[in-house]
Every structure is written in structure tokens, then in C-alpha cells.
Amino acid sequence: MSKTAYVIDVESGNLQSLNNVIELLGWTPVLIKTPEDLVSKLAGQEDPRLFLPGVGNFGHFVHELNVRGFAQPIRDYIDSGRRLMGICVGLQTVFADSEEANNEDTNGNKAQGLGIIDRSLFRFSDKDKSVPQIGWNTIKYANAEDKSIGLYGLDPSSRYYFVNSFAAILTPEEAQLAQSGRINDVAGFKDNDLGPFEVALTTYGSQTFVSAIAFKGVFLTQFHPEKCGKAGVRVLDAFLSGKKHTTLLERAKASTPPGREVNGLTARIVACLDVRTNDSGDLVVTKGDQYDVRERQVDGAGNPVRNLGKPVELAQMYYEQGADEVTFLNITSFRNSPLRDLPMLTVLKEASKTVFVPLTVGGGIRDTLDPETNKVVPALEVAALYFRSGADKVSIGSDSVTAAEAYYARGGKGDGTSPIETISKAYGAQAVVISVDPRKVYVTSPEAAPANTHVIKSAYPGPNGEEYVWYQCTIKGGRESRPLGVYELVRACEALGAGEILLNSIDKDGSNSGYDLELVRLAKSAVSIPVIASSGAGNPEHFVEVFEKTNVDAALGAGMFHRKEYTVDQVKEVLEENGIAVRRD
Ligand code: 1PR
């Protein structure tokens with residue numbers, strides 16, 4: 001008979017992936033939606049497995065726990081010493097409060113965590129690092145080896161997927177204390193009736209934060225084990241099977257994989273699938289050049305949509321090859337209502353059963369008219385549909401240009417209604433990616449570009465010797481150009497609450513000629529959120545080039561993978577040969 005694992009659900013994002021790993025490991029996940037459920041389902045169980053997964057905003061999450069009445073029952077459960085695993089904001093919840101939710105409500109109350117560890121969470125503040133931290137980092141044991149609680153097989157030779165702007169950041173003195181095994185002397189971690197505390201530490205730039213904590217029956221990770229590939233599955237397996245200490249402590253002594261890090265993390269490789277229905281009505285992965293996805297010359301009728309395979313099968317293949325992330329772009333959503341796009345939801349549900357790295361979905365994330373009811377469905381609800389189906393992030397294309405234009409029209413202010421703002425507020429900045437589709441425009445002088453547009457002097461003059469370029473934003477898959485530059489777009493989107501930029505280039509798309517490095521540098525200079533370079537990758541050396549010559553955070557490939565010219569693994573091998581750190585499972 002299958003064993004049961006309980007998962008607290010306060011509708012805070014993608015639970016599908018965690019449930020899928022739990023099932024893969026032979027357990028049945030049961031969602032706990034009310035505190036009454038928590039008490040009654042776990043009553044009399046001596047050694048249950050309970051998960052407290054959290055994504056998004058600390059204030060939103062603890063507010064949901066409080067208004068739904070979960071805070072006290074969770075506290076009682078923890079006091080009873082039974083097993084609980086908290087993930088991401090689930091870890092943060094045991095702290096007192098967070099800089100992310102510092103504002104007081106009208107009653108003068110600030111969002112309060114459980115306060116078991118009496119200290120505050122702060123935003124990463126190393127100026128050289130992108131925030132949020134999005135990517136694969138290492139953990140280091142502080143005091144775990146000589147204590148009895150155990151960190152469920154966390155492995156310092158593995159990489160784990162972090163996505164957070166806020167953390168339990170230690171001062172340099174505290175970090176030294178913790179590293180020398182004296183976490184007991186660090187404020188908030190003093191032994192008490194719930195302690196002693198064991199912790200693992202992680203470094204992001206110059207800052208050290210607490211990335212995992214164990215005390216009594218509780219095990220907490222700041223990273224997302226359900227998104228960490230096989231390394232994360234091993235951690236969840238250890239927790240479910242109750243293996244507090246595993247032979248991994250031996251592996252812990254192995255050094256972490258060599259290589260130069262990219263902004264403090266491994267070089268992140270994203271596989272992208274442009275998805276649409278072909279002329280026979282099947283959902284296929286397609287790819288063109290300069291956004292034209294139809295075959296050029298075909299005998300007989302019409303030019304069919306290029307069919308490069310099935311979305312779920314390809315996503316799984318890239319995961320097995322080592323992709324750090326998979327992105328699905330629904331490229332015809334500007335014509336078809338995403339609400340009717342049930343096949344895309346099915347793709348996510350199926351993909352998230354076997355692909356345990358972050359999944360992004362884009363296309364049609366905007367306020368949408370439901371063709372059946374004739375009512376407008378807010379973008380937040382469209383996004384929620386995708387999150388519930390297994391997406392970790394949504395990517396917004398056309399609508400982000402509209403939102404940025406409105407932002408500037410208001411004199412550089414949001415009004416809280418754009419999809420970027422609403423989704424970011426509920427699910428966190430890290431859940432909102434901006435997909436940018438720019439076209440390069442050559443000009444003879446900076447004055448020849450629209451006013452207030454960032455213009456760069458290019459090393460590659462235009463067809464008539466023009467020395468300057470600006471990058472013009474487009475919408476509807478490149479079909480319509482707008483009088484807004486990329487630099488201005490990404491800055492507005494960051495200010496509105498976006499957490500990452502997916503930077504395409506219509507000129508480079510499908511060209512196999514390498515990324516547009518000038519465009520990448522321009523976008524990176526505009527924002528402090530991570531940027532993913534996209535369009536133009538034709539071989540592994542192009543990935544090396546973009547990581548060496550720019551400070552981009554991640555790089556995306558499509559055509560070269562779909563045409564089977566190279567595997568993701570081959571790209572990683574070449575990166576490693578060039579001394580750049582990559583994640584290996
Ligand atoms: O505007 O929010 O509905 O989102 C639509 C999304 O669909 C946008 O993210 C837009 O980039 C994408 N899109 C629309 N039409 C196309 C098309 O190809 N006809 N795809 C399209 C954009 C670019 C990348 C591609 C890279 C790398 N495709 O997805 O993967 O250029 O390609 P390469 O490595 O082969 O060079 P909304």
C-alpha cells in the first residue's frame with residue numbers, strides 16, 4: 001500500500017511539481033487545505049510526513065497562513081516533534097519577519113512569521129549580483145556532522161536551485177561563527193526547547209545566508225528540491241524515507257565541481273520550445289528564423305508549419321541532457337485565447353511529471369476575453385491556471401510593452417493593475433519573466449532615434465555605414481513595432497516588479513551566428529534582475545562567448561537543440577573545458 005505524504009496548500013504557486021516527485025518516490029500526496037484538515041488527518045499519526053511549500057512573497061504567504069488559521073496548528077505540530085519539511089518561503093516562515101513585507105497594515109501590524117528563529121530576513125544587497133538570485137548554488141554544512149538531527153543528505157558536491165531575493169543573511173562575524181560550528185552563538189539560533197539547530201550555509205556574492213535548517217522534526221530548505229533535478233529528488237527521498245544521515249556525508253568531503261561561476265552561480269542553460277498547433281491541429285514544437293516558422297519551399301499546397309517534435313517528449317529529452325530550465329512559448333496565443341488553450345495546460349501537467357527543473361510558460365499572459373462567457377479574465381487568473389498546471393514562471397511579451405508605455409505615460413509610475421504588478425505581488429517577482437522581441441534599428445546619429453531612447457555606438461556599422469543602433473520593441477511575435485527601446489522597456493518592467501528578462505533578438509533568431517552581445521550588454525546595464533540571452537546560438541562556443549564577453553546570467557538555445565546538431569550536455573562540456581562552472585546532476 002502506498003504511504004501518504006501531506007502537503008499544506010495555501011494556493012501559493014506551483015505545487016504540482018512537488019506532488020509529482022512525491023509520487024515518483026512511491027508516496028501519495030494529499031493536499032491539506034484547512035487547519036481542521038491538518039489536525040484531523042494527522043491526529044494519532046506518530047511519524048507523518050508534512051510539507052510546507054511556499055513560493056512568492058513572504059507577506060502574502062504568512063498572511064494566507066494566518067487568515068486561514070494555519071499558524072497555531074503548524075506551531076503545535078512542530079512542538080510535537082513530528083516531521084515537517086518547509087521549502088523556500090516555507091523556511092522563511094519560521095523567522096520573525098522579512099524586509100520583503102516591512103509595511104504595516106492600517107492597524108499598525110507588520111507581517112509576522114512564526115518567530116521560532118527570532119531574527120529578520122533581508123534582501124540581497126551585493127551590488128555585483130543580480131537579484132533575485134536565480135540559479136544553481138552550493139551548500140556547505142556548518143555544524144551538522146557532530147549533531148544528531150541531520151540534514152537529510154544535503155550534498156555539498158551537488159548544486160541546488162535557488163530563486164530568492166530575501167534570505168536569512170548572516171553578518172560576516174556571524175558567518176564565521178556558523179562556519180566554525182558555533183551556530184548556537186548566532187542570534188536567533190541559540191539552543192532552546194526546539195533546538196539545537198543545524199544549518200547549511202550558502203554564499204551569494206559577498207553575502208552568506210542560511211540555506212537549510214534542521215531542528216527537532218523540522219527540515220527546511222531555502223532552495224527548491226523539487227526543481228533541482230536528481231540532486232533534489234535525492235533530498236526529498238531522504239526526508240520521506242526518514243534518512244536523516246546518509247552516506248552522502250562522505251560525498252560532502254568531495255570538492256564542488258570546478259569552474260568559474262557566472263554571477264555567483266553556474267552558467268544556466270535554458271532549452272526553449274516554441275509551441276503552436278500545426279495545420280492538422282496537433283500541438284508541435286516549431287522553430288523558424290526571424291520568427292517565420294513555416295517551411296520555405298514545399299511541393300503542393302501551402303507552406304506547412306515546421307514540425308520539430310512533440311513538446312513533452314522534447315522537454316524530457318532536454319532535461320535528461322542536463323538543461324537547467326525549460327521554457328515553453330505559445331507563439332500563436334496573440335491570435336487564440338489561452339483560456340481555450342487546454343492542450344498547453346496539458347503539456348505543462350505532463351512535462352512537470354518527469355522534468356524536475358524550473359518550467360516557464362509564455363504566450364497570452366494578459367487580461368483575456370473568455371470567448372464563452374464574454375467576460376474579461378484577469379491575467380492573474382490566466383497565470384494561476386499555468387502555475388497550478390506545473391509552471392514556475394510565466395513570461396509576458398506583448399503586454400509588457402503596453403505596460404511599459406503606460407508606465408512612462410504616467411511619468412514613471414505603475415498603477416498596480418498591469419499583469420506584471422498583479423502577478424508579481426501574488427506570486428513574487430521571480431515568477432514574472434519579461435520576454436523581449438527587439439529589432440535592431442541603425443541610425444546615423446543618436447538624435448535620429450526617438451527621444452529618450454538609449455542609443456549605442458555599434459562595432460558593426462549598418463548597411464549604409466550607420467554607426468549607431470537602438471533596439472526597437474515589437475509585439476505580437478514581431479508583427480508590430482512600437483516606439484519604445486529595449487533599455488527603456490526592461491527598466492520599466494523591473495520597476496513594475498518583473499524578476500527576469502528573456503532577451504530575444506528578431507535579427508539573430510535562427511541565424512546560428514551567435515548572440516547579439518551588444519544587445520545583451522545593453523540590457524544588463526539597464527537592470528539588476530537576471531537576464532537570459534536568447535536568439536542566435538548555433539554551437540557550444542556561442543554559449544562560451546556570451547558568458548565570457550558579457551555578464552549575462554543564463555543563455556537559451558532552441559534550433560540547434562531541436563535540429564539535434566548539439567545536445568545540452570555537449571554545450572556544458574565545452575563550457576567546462578573553458579573553465580566555466582556548470583551544474584551536473
Ligand atoms: O506576446 O505575451 O503573447 O508572448 C508571445 C511569445 O511568443 C513571446 O515570448 C514571443 O517571443 C514568442 N513568439 C511569438 N512569435 C514567435 C515566432 O517565432 N513566430 N517566438 C515567437 C519567439 C524566439 C525564441 C527562440 C529564440 C532562440 N521565438 O523563442 O527560441 O530566438 O532561437 P534560436 O536559438 O534557434 O536562434 P505574448
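Colleague: What should I keep in mind about the numbers and the numbering?

Modeller: This is a predicted model, where local features need pLDDT of at least 70 and side-chain atom pairs count only at pLDDT 80 or more, while totals for chains, interfaces and linings use all residues. Residues are numbered from 1 along each chain as its sequence is written, and side-chain values use heavy atoms, with hydrogens and water left out.

Colleague: Back to Ser120, then. Why is Ser120 called partly exposed?

Modeller: Its relative accessible area is 24%. Buried means under 20%, exposed over 50%, and partly exposed in between (1.4 Å probe, protein chains only). Ser120 belongs to strand 6, residues 117-123, and its C-alpha atom is 6.3 Å from that of Phe95, 25 residues apart along the chain.

Colleague: Which is Cys88, buried or exposed, and how do you know?

Modeller: Buried: Cys88 has a relative accessible area of 5%, so it passes the cut-off for that label. Cys88 also has a positive phi of about 55°, though it is not a glycine.

Colleague: How about Lys564, buried or exposed?

Modeller: Lys564 comes out at 54% relative accessibility, so it counts as exposed. You'll find Lys564 in the loop between helix 17 (559-562) and helix 18 (568-577). Lys564 has a positive phi too, near 60°, and again this is a residue other than glycine.

Colleague: What makes Pro463 exposed?

Modeller: A relative accessible area of 70% does it for Pro463. Pro463 sits in the loop between strand 24 (456-457) and strand 25 (468-475).

Colleague: And why is Ser400 called buried?

Modeller: Because its relative accessible area is 0%. Ser400 is part of helix 12, residues 398-409, and a polar atom of its side chain lies 2.6 Å from the backbone oxygen of Gly397. Leu489, in helix 14 (residues 486-496), is labelled buried too, with 1% relative accessibility.

Colleague: Now the ligand. How do you know where the ligand sits?

Modeller: The ligand is in the largest pocket. On a 1 Å grid over the protein atoms alone, a pocket is an open set of points with protein on both sides within 12 Å along at least five of seven lines. A molecule sits in one if more than half of its atoms lie within 2 Å of its grid points.

Colleague: Which residues around the ligand come nearest?

Modeller: Ser398, Ser435, Asp437, Asp509 and Ser535, out of 27 residues around the ligand. A residue is near if one of its heavy atoms lies within 4 Å. Strand 15 (268-277) and strand 29 (554-557) each give the shell at least two residues.

Colleague: What kinds of residue make up the shell around the ligand?

Modeller: Eight are nonpolar, 14 polar and five charged. Ala, Val, Leu, Ile, Met, Phe, Trp, Tyr, Cys and Pro count as nonpolar, Asp, Glu, Lys and Arg as charged, and the others, Gly among them, as polar.

Colleague: How far is a polar side-chain atom of Asp437 from an oxygen atom of the ligand?

Modeller: 2.6 Å for Asp437. A backbone N or O atom of Gly510 is 2.9 Å from a ligand oxygen, and for an N or O atom in the side chain of Lys287 the distance is 3.3 Å. The protein covers 99% of the 770 Å² of accessible area that the ligand has on its own, by the Shrake-Rupley method with a 1.4 Å probe.

Methods:
A polar contact is a pair of N or O atoms within 3.5 Å; within protein, one must be able to donate a hydrogen and the other to accept it, and residues adjacent in sequence count only if both atoms are side-chain atoms. On a 1 Å grid over the protein atoms alone, a cavity is a set of points where a 1.4 Å probe fits but cannot get out, and a pocket is an open set with protein on both sides within 12 Å along at least five of seven lines; lining residues have an atom within 4 Å of a point. Helices (H or I, at least four residues) and strands (E, at least two) are DSSP runs, numbered from the N terminus.
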